[in-house]
Amino acid sequence: TICLTQASCFGLCALFVWLLGSLHLVQDSTKLFAAMYYYITPTNTHAEAIEYLSAQGVLTGYSDGMFRPTRALNRAELLYVAVNAVGLTEDVERCIKQFRSTYGNGALLFHDVPHGSWYEGALCTALSHKIIRGYIDQNFRPSQLVTLVDASAVLARAFYLPMDDAGTSEWYQPYVRALSDKNAIPLDVRALDLPVNRGIVAEITYRLLTPGVLKPSLSYELIASGQPLHAAAGSDTIMEIIDRVNRERAKYNLPPF
């Protein structure tokens, strides 16, 4: 029995997080997470993705042993993930050397990208492969936080995902739909235009790298409607949460709660 009072608000939120976390299937419960970080356990929603990408060197943690899955990514970090994920790391040094040879040692890729920046080589490679773009004012805005739209565009280009722009009203629709078609949009995505965190980007990238791993995914329509799965957390009824979770579980032949 659950008593929905103000005192149980925290418990309701915790239950909702648990329900979402339960959608994550751990194929081997005895598996050792060699690349795990403090506060990341095998039951974490994105634990499998974080462990996989860390082992591959695609997206790693910090020197203090933390991964910080809830920290938002910026544009520089996103392009670094994309370049690493699709195996273009060997092009990084070659690309920047060629750029310097062509335009001179003092040349800048963008006005706001300092010479020798840690992401400069990855940016050069991403530009040469048309994975990422700058702005019309010749700035890249590396510290700008990444939304789902941004992540969809960059990763869809990096992985050469097939896209259909027929009947689309927004430029980003084909990119988001491309990720949705690959079951790559995790259930904790909040909106199209809100910043996404390291855990979400890790999950999206992991799903693109391992297409055989099927997990519940949000559709473009559901996100665009402003009522993705997490939105029910603000409801006054626990059954709305459970019903929506069970609908997602049914798609993957999972037993209902």
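1. A word on burial before anything else: buried means under 20% relative accessible area, exposed means over 50%, and partly exposed is in between (1.4 Å probe, protein chains only). By that rule Glu-120 is buried, because its relative accessible area is 5%. This is a predicted model, where local features need pLDDT of at least 70, side-chain atom pairs count only at pLDDT 80 or more, and totals for chains, interfaces and linings use all residues. Residues are numbered from 1 along each chain as its sequence is written, and side-chain values use heavy atoms, with hydrogens and water left out.

2. Glu-120 has a partner worth a look. Its side chain meets that of Arg-100 in a salt bridge at 2.4 Å, N to O; the term covers a side-chain nitrogen of Lys or Arg within 4 Å of a carboxyl oxygen of Asp or Glu. The pair links distant parts of the chain, with Arg-100 in helix α4 and Glu-120 in helix α5, 20 residues apart. Helices here are DSSP runs (H or I, at least four residues), as are strands (E, at least two), numbered from the N terminus. Arg-100 counts as buried too, because its relative accessibility is 11%.

3. Cys-95 is joined to Cys-124, S to S 2.0 Å, where a disulfide is a pair of cysteine sulfur atoms within 2.5 Å. Cys-95 sits in helix α4 (residues 89-103) and Cys-124 in helix α5 (residues 120-128), 29 residues apart, so to speak a link between distant parts of the chain. The link of Cys-95 and Cys-124 is left-handed, with -80 degrees about the S-S bond. Both Cys-95 and Cys-124 are buried, and the count comes to one disulfide.

4. Now for the other salt bridges; the structure holds nine. Side chains of opposite charge can pair when their charged atoms come close. Lys-97 and Glu-93 make one of them, at 3.1 Å, N to O. Both lie in helix α4, four residues apart, about one turn of the helix. An α-helix has 3.6 residues a turn, so residues three or four places apart point the same way. Lys-97 and Glu-93 are both exposed.

5. Are they buried or exposed? Glu-203 is buried, with a relative accessible area of 1%, and Arg-207 counts as buried at 6% relative accessibility.

6. Glu-48 takes us to helix α2 (residues 47-56). Seven of its 10 residues are buried, so α2 is largely enclosed by the rest of the structure. The buried residues are Ala-47, Glu-48, Ala-49, Ile-50, Glu-51, Leu-53 and Ser-54. They pack against α8 (198-209), with contact taken as heavy atoms within 4.5 Å. After α2 comes Gly-57, whose phi is positive, near 75 degrees.

7. Check His-46 as well, in the loop between α1 (9-22) and α2. His-46 is buried, with a relative accessible area of 5%. Its side chain and that of Asp-188 are joined by a polar contact of 2.7 Å. Such a contact is a pair of N or O atoms within 3.5 Å; within protein, one must be able to donate a hydrogen and the other to accept it, and residues adjacent in sequence count only if both atoms are side-chain atoms. Not counting residues up to four places away in sequence, His-46 touches Pro-186, Asp-188, Gly-199, Ile-200 and Glu-203.

8. Helix α7 (residues 173-181) is another enclosed one: seven of its nine residues are buried, so the rest of the structure largely encloses it. Its buried residues pack against α6 (148-158), α8 and α9 (220-224). Just after α7, Asn-183 takes a positive phi of about 55 degrees.

9. Last, the largest nonpolar core, with 61 residues, among which Leu-123, Leu-148, Leu-192 and Ile-204 touch the most other members. A nonpolar core is a set of buried Ala, Val, Leu, Ile, Met, Phe, Trp, Tyr and Cys residues joined through side-chain atoms within 4.5 Å. The largest share of this core, eight residues, comes from α6. Leaving aside neighbours within four places in sequence, Leu-123 is in contact with Leu-79, Leu-109, Phe-110, Val-113, Ile-132 and Phe-140.
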